[in-house]
Amino acid sequence: MTAQLNPRGDVAVLVPAAGAGVRLGPGRPKALRPLAGEPLLVHAVRRLAAAPSVHTIVVAAPAAEVAAVRALLAPVAPVTVVPGGAERQASVAVALAAVPAGPEIVLVHDAARALTPPELVESVAAAVRAGHDAVIPVLPVVDTVKEVGADEVVLGTVDRSALRAVQTPQGFRRAVLTAAHAAAGDPLTDDAGLVEKQGVPVRCVPGSEYALKITRPFDLALAEHLLATGG
Ligand SMILES: Nc1ccn([C@@H]2O[C@H](COP(=O)(O)OP(=O)(O)OP(=O)(O)O)[C@@H](O)[C@H]2O)c(=O)n1
Ligand SMILES: C[C@](O)(CO)[C@H](O)COP(=O)(O)O
């Protein structure tokens with residue numbers, strides 16, 4: 001059944017989904033690869049559409065797959081599909097430009113984080129609504145972290161108490177994200193990085209283990225297991 005988005009919602013979600021998935025190995029663009037019989041992107045969009053605050057979803061698809069992605073997502077939720085760029089940052093910029101007037105909170109969410117629960121979408125949006133201009137979900141770093149030289153010899157042990165692993169969705173007041181992308185230079189790996197460069201404080205909220213980024217084959221196997229066991 002096609003989900004309905006909330007016409008009174010205040011959140012637009014941009015979904016960069018144009019990556020190749022090189023680290024996953026040869027195959028179709030990552031967002032279109034199957035997870036328990038459905039493309040990663042379908043899992044991701046279904047969960048976004050289940051978040052009550054979401055008014056708009058814009059997907060940046062691989063340029064050659066725009067028509068296919070429109071057809072794929074039509075039964076899932078009403079979404080806008082645009083062609084993505086060569087870098088994640090460019091894909092986000094194209095999607096941002098396609099957001100209609102209305103939503104004043106914009107979330108950016110990797111298609112590759114296909115099992116992200118709607119509750120995380122809501123908690124990030126709520127933190128922006130509460131007055132934080134930029135919000136990221138984070139998890140503590142669980143391993144010891146070493147700085148290593150080019151010769152693979154350890155230079156030192158990093159104090160991990162101040163480190164966090166960063167997930168998506170990352171949430172922003174719309175004007176803040178728009179300004180950060182307008183000022184962007186060389187591509188960065190996340191949108192909060194662009195906002196940081198503008199001097200805007202970025203607030204952390206608790207992330208979710210289910211928001212793992214499916215990057216390597218092990219991650220896909222883990223996601224399959226999580227789905228099979230009720231994730
Ligand atoms: N030009 C790009 C590159 C990445 N992405 C998206 O950004 C998210 C995070 O990127 P990542 O998981 O690293 O995906 P890939 O770039 O596809 O991975 P790889 O580096 O292994 O090719 C993904 O949903 C991916 O589709 C995008 O929209 N446009
Ligand atoms: C945006 C992101 O998912 C936050 O962890 C991450 O930075 C994407 O990085 P990648 O190198 O493109 O996987």
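The shell around ligand 1 in this predicted model is made up of 8 nonpolar, 4 polar and 6 charged residues, where Ala, Val, Leu, Ile, Met, Phe, Trp, Tyr, Cys and Pro count as nonpolar, Asp, Glu, Lys and Arg as charged, and the others, Gly among them, as polar. In total, 18 residues surround ligand 1, and the closest are Pro16, Val22, Arg23, Lys30 and Ser91; a residue is near a molecule if one of its heavy atoms lies within 4 Å of it. Polar contacts are pairs of N or O atoms within 3.5 Å; within protein, one atom must be able to donate a hydrogen and the other to accept it, and residues adjacent in sequence count only if both atoms are side-chain atoms. A polar backbone atom of Pro16 lies 2.8 Å from an oxygen atom of ligand 1, a backbone N or O atom of Gly19 is 2.9 Å from an oxygen atom of the ligand, and an N or O atom in the side chain of Arg23 is 2.7 Å from an oxygen atom of ligand 1. Taken alone, ligand 1 exposes 570 Å², of which the protein buries 87% (accessible areas from the Shrake-Rupley method with a 1.4 Å probe; for residues, only the protein chains shown count as cover).

Arg23 also belongs to the surroundings of ligand 2, together with Arg88, Asp110, Arg113, Val166, Thr168, Thr189, Asp190 and Lys213, a shell that divides into 1 nonpolar, 2 polar and 6 charged residues.

Turning to helix packing, helix α3 (residues 88-97) and helix α5 (residues 174-182) pack at an angle of about 130 degrees, with their axes 11 Å apart. The angle therefore makes α3 oblique to α5 (under 35 degrees counts as roughly parallel, over 145 as roughly antiparallel, 65 to 115 as roughly perpendicular and the rest as oblique). The crossing of α3 and α5 is left-handed, whereas that of α1 and α2 is right-handed (left-handed if the near helix is turned anticlockwise from the far one by less than a right angle, right-handed if clockwise).

Residues are numbered from 1 along each chain as its sequence is written, with chains lettered from A and ligands numbered from 1 in the order in which they are written. Local features need pLDDT of at least 70 and side-chain atom pairs count only at pLDDT 80 or more, whereas totals for chains, interfaces and linings use all residues, and side-chain values use heavy atoms, with hydrogens and water left out.

Methods:
Axes are lines fitted to C-alpha atoms, for helices over the stretch in contact, and angles run from 0 to 180 degrees between N-to-C directions. Helices (H or I, at least four residues) and strands (E, at least two) are DSSP runs, numbered from the N terminus.
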